[in-house]
Amino acid sequence: MAEPIVHVVARFKAKPGKEAALKAGLTALVAPTQKDPGYIAYDLFESVESPGSFVLVEAWESRELLAAHLDTPHLNGFKAAAPDLLAEPMSVKLYAEAPGL
């Protein structure tokens, strides 16, 4: 039986004055991530109610391939810059499709 697709919801809130830098950093992750093995989807959204708050909604073929993505140069570069950009620690949650849907 194939491993279920792993869905990720990652939330980011910019420090005041760092909104554009955070948006640029997150946007820069999209193109290289689309080339990562196991990539299915990687969609970035910004809150219309709270500018500077972002959500990445991702889908990966497996947890193993997601783990490999999390150790890529582009993600490691972002993680190194994140403390200067984020008002609070990023929130990352993993999901699987609910049975019966």
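Is Lys-18 buried, partly exposed or exposed? Lys-18 is partly exposed, at 27% relative accessibility, where buried means under 20% relative accessible area, exposed over 50%, and partly exposed in between (1.4 Å probe, protein chains only).

The model is predicted, so local features need pLDDT of at least 70 and side-chain atom pairs count only at pLDDT 80 or more, while totals for chains, interfaces and linings use all residues. Residues are numbered from 1 along each chain as its sequence is written, and side-chain values use heavy atoms, leaving out hydrogens and water.

Side chains of opposite charge can pair when their charged atoms come close. With a salt bridge defined as a side-chain nitrogen of Lys or Arg within 4 Å of a carboxyl oxygen of Asp or Glu, the count is two. In one, Lys-18 meets Asp-84 at 3.1 Å, N to O. This pair links distant parts of the chain, 66 residues apart: Lys-18 lies in the loop between strand 1 (6-13) and helix 1 (19-33), and Asp-84 in helix 3 (residues 73-85). Helices (H or I, at least four residues) and strands (E, at least two) are DSSP runs numbered from the N terminus. Asp-84 is partly exposed, at 43%.

Lys-23 forms a salt bridge with Glu-46, the closest N and O atoms being 3.5 Å apart. Because Lys-23 belongs to helix 1 and Glu-46 to strand 2 (residues 39-46), the pair ties together parts 23 residues apart in sequence. Lys-23 is partly exposed at 41%, as is Glu-46 at 32%.

Helix 3 also contributes buried residues, namely His-74, Leu-75, Phe-78, Ala-82 and Leu-85.
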